[in-house]
Amino acid sequence: MSDTRVVVVGAGPAGMRACAALVAAGLTPILIDEAARSGGRIYQQPPQGAARPGRELYGFEAAKAARIHALEAQLAGRIDHRRETLVWNCFEDALDLLGPSGPSRQPFDALILATGATDLALPFPGWTLPGVYALGGAQIALKTQGCGIGRRVVFLGAGPLLPLVAWQYVQAGADVAAVLDATPFAAKLRGLPNMLFAPATLAKGAYYVARLLAAGVPMAWGVGGPRAEGDGRVERVHFVTAGGDARVVACDALGASFGLRSETQLADLAGCDFVFDRRTRQYVPARDVAGRTSRRFVYVAGDGAGIGGADAAELAGERAALALAEDLGLPVDVNRAAFLDGRLARLDRFRRGLETAYPFPAHLLRDIGDDTMLCRCEGIAVGALRAAARDKGAPELNRAKAFTRIGMGRCQGRMCGRAAAELLAAARGEDLARAGRLRGQPPVKPIPMIPELLS
Ligand SMILES: Cc1cc2nc3c(=O)[nH]c(=O)nc-3n(C[C@H](O)[C@H](O)[C@H](O)COP(=O)(O)OP(=O)(O)OC[C@H]3O[C@@H](n4cnc5c(N)ncnc54)[C@H](O)[C@@H]3O)c2cc1C
């Protein structure tokens with residue numbers, strides 16, 4: 001069994017826990033991540049030699065971060081960890097890689113995709129100005145590089161990362177000029193009953209908001225009409241309060257995003273079936289509770305399988321590894337599998353509460369003008385997509401892509417695809433699921449032109 005080629009993509013909480021369980025089952029997984037160090041997004045580490053105290057980097061989550069980082073050392077020699085290696089394609093039973101020693105191909109017998117998530121970007125006037133960053137990106141700059149995106153920062157968004165990142169900036173000494181939540185305050189109360197399924201996490205969220213208010217940071221809920229303006233870079237943010245008043249706040253940087261979106265392209269290229277997840281308004285790989293996809297011996301875990309958060313990612317990574325071991329005919333602790341299923345179900349209830357507390361801010365897209373940039377790689381404005389939907393009859397995203405080039409640039413629609421689906425469905429007056437999703441295309445992330453790849 002030890003010659004079974006098991007590959008795990010992603011060294012975040014899901015991938016690391018999957019590796020630990022695979023090793024415990026007697027396997028020697030190959031762990032591939034484009035990052036130099038383990039931890040994924042939430043527990044992302046500063047570069048080697050630039051360590052800072054865990055409490056400063058990860059706050060309440062410092063102990064969990066330390067446990068995940070310690071796994072890297074514990075598993076050394078028992079896994080084949082390929083660092084700084086991008087998986088840019090999956091074709092049949094092999095992955096195409098680009099690592100420090102150049103391109104290569106890695107065949108697999110079984111594959112766990114634990115590829116995580118990225119910020120969900122939505123277009124608004126001025127979102128492509130210099131000085132406007134993704135909210136999670138603003139946090140990563142602080143966490144890994146020890147620098148902020150600006151001195152006087154506005155944060156805009158719709159998700160639990162919003163108060164967390166704002167509070168981390170206050171602690172780092174930044175002047176947080178405003179925290180603008182696009183979701184209504186009343187939604188938080190509606191989400192409360194289900195959020196009580198993870199009371200500690202709920203308490204942390206409430207703590208961040210309370211500390212921001214106590215620090216005198218201006219906060220607003222249910223905002224609309226955001227617009228970033230400035231001469232050459234962002235200098236102010238306009239918005240409309242829930243009560244309908246127009247406001248403007250001066251700043252030298254803006255961190256904005258509206259939730260998370262799963263990184264699913266590799267599952268797509270692996271040939272997995274997808275289903276529409278109404279809760280998070282996105283297509284995700286179809287899977288059973290253990291992470292088995294429609295393709296035999298291909299599994300998904302963590303935020304790449306659907307947004308669930310870091311604690312769920314750890315559990316799901318281990319659960320997928322147990323499923324893989326079981327499918328290979330290895331002995332599996334069924335009690336542990338049942339325990340993981342129970343914990344995951346509980347966290348799923350919490351996640352349901354979070355989605356209620358932070359509903360998708362559809363009003364932001366409804367209100368934007370045709371001239372707002374949608375696809376920044378190809379320079380396509382919102383109006384082009386609306387015209388493709390209304391005048392050219394594009395029924396779904398891939399057809400709209402052919403008409404407009406939306407999603408055809410460097411990011412392959414990873415940044416604009418979700419917004420484009422929402423706009424297309426709205427323009428056609430149809431259910432969001434009918435807008436479909438952009439088909440995954442290699443390379444899933446930009447790669448340099450390398451002669452070996454062209455031959
Ligand atoms: C920018 C950002 C910041 C976040 N900060 C927080 C936070 O502070 N608190 C919180 O509770 N949640 C945070 N989240 C959400 C949190 O990241 C997740 O809930 C959790 O990390 C999910 O764990 P995971 O293992 O599924 O994925 P991740 O932790 O995202 O790990 C995925 C790993 O896969 C690797 N990967 C992906 N695609 C490829 C590829 N093609 N080739 C090679 N490697 C690949 C990535 O480099 C990454 O290391 C954040 C999310 C983002 C996007």
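Beyond its neighbours within four places in sequence, Arg52 is in contact with Pro46, Leu57 and Gly146, where contact means that two C-beta atoms, placed from the backbone, lie within 7 Å. This is a predicted model, in which local features need pLDDT of at least 70 and side-chain atom pairs count only at pLDDT 80 or more, while totals for chains, interfaces and linings use all residues. Residues are numbered from 1 along each chain as its sequence is written.

To place Arg52, look in the loop between β2 (30-32) and α2 (54-58); helices (H or I, at least four residues) and strands (E, at least two) are DSSP runs, numbered from the N terminus. Arg52 counts as exposed because it has 12 C-beta neighbours inside 10 Å. On this scale a residue is buried if 20 or more other C-beta atoms, placed from the backbone, lie within 10 Å of its own, exposed if 12 or fewer, and partly exposed in between. Arg52 and Asp348 are 296 residues apart in sequence, and their C-alpha atoms are 33 Å apart in space. For another pair, turn to Ala66 in helix α3 (residues 62-74). Ala66 has 13 C-beta neighbours inside 10 Å, so it counts as partly exposed.

Now for some backbone details. Most residues other than glycine have a negative phi, and most peptide bonds are trans. Glu84, in the loop between β3 (80-82) and β4, is not a glycine, yet it has a positive phi of about 45 degrees. Arg281 also has a positive phi, near 55 degrees, and sits in the loop between β18 (274-277) and β19 (282-285). Are these two residues buried or exposed, or something in between? Glu84 is partly exposed because 13 other C-beta atoms lie within 10 Å, whereas Arg281 has 20 such neighbours and so counts as buried. Further along, a cis peptide bond with omega of about -5 degrees joins Pro442 and Pro443. You will find Pro443 in the loop between α14 (417-428) and α15 (451-454).

Next come the helix pairs. Two packed helices are described by the angle between their axes and the distance between the axes. Here the axes are lines fitted to C-alpha atoms, for helices over the stretch in contact, and angles run from 0 to 180 degrees between N-to-C directions. Helix α1 (residues 13-24) and helix α9 (residues 310-327) have axes that come within 7 Å and cross at roughly 35 degrees. Their contact includes Pro13, Ala14 and Gly15 of α1 and Ala310, Ala313 and Glu314 of α9. By class, it has 12 nonpolar, two polar and three charged residues, with Ala, Val, Leu, Ile, Met, Phe, Trp, Tyr, Cys and Pro counted as nonpolar, Asp, Glu, Lys and Arg as charged, and the others, Gly among them, as polar.

α9 also packs with helix α10 (residues 334-357), at an angle of about 145 degrees and with the axes 10 Å apart. Among the residues in contact are Asp311, Ala312 and Leu315 of α9 and Arg336, Ala337 and Leu340 of α10. This contact has eight nonpolar, no polar and five charged residues. In a further pair, the axes of α4 and α5 come within 10 Å and cross at roughly 35 degrees. Leu135, Gly136 and Ala138 of α4 take part in the contact, as do Leu161, Leu162 and Val165 of α5, among others.

Which residues come nearest to the ligand? They are Gly12, Gly40, Gly116, Gly136 and Gly302, out of 37 residues around the ligand; a residue is near a molecule if its C-beta atom, placed from the backbone, lies within 6 Å of it. Elements giving two or more residues to this shell include α1, α4 (135-145), α5 (161-171) and α9. The shell has 19 nonpolar, 12 polar and six charged residues.

Finally, the domains: the protein chain is divided into domain 1 (6-118 + 261-332), domain 2 (121-258) and domain 3 (369-435), with bounds from an automatic or database domain assignment. The centres of domain 1 and domain 2, taken over C-alpha atoms, are 29 Å apart. Their contact takes eight residues from domain 1 and six residues from domain 2. The ligand shell draws at least three residues from each of domain 1 and domain 2.
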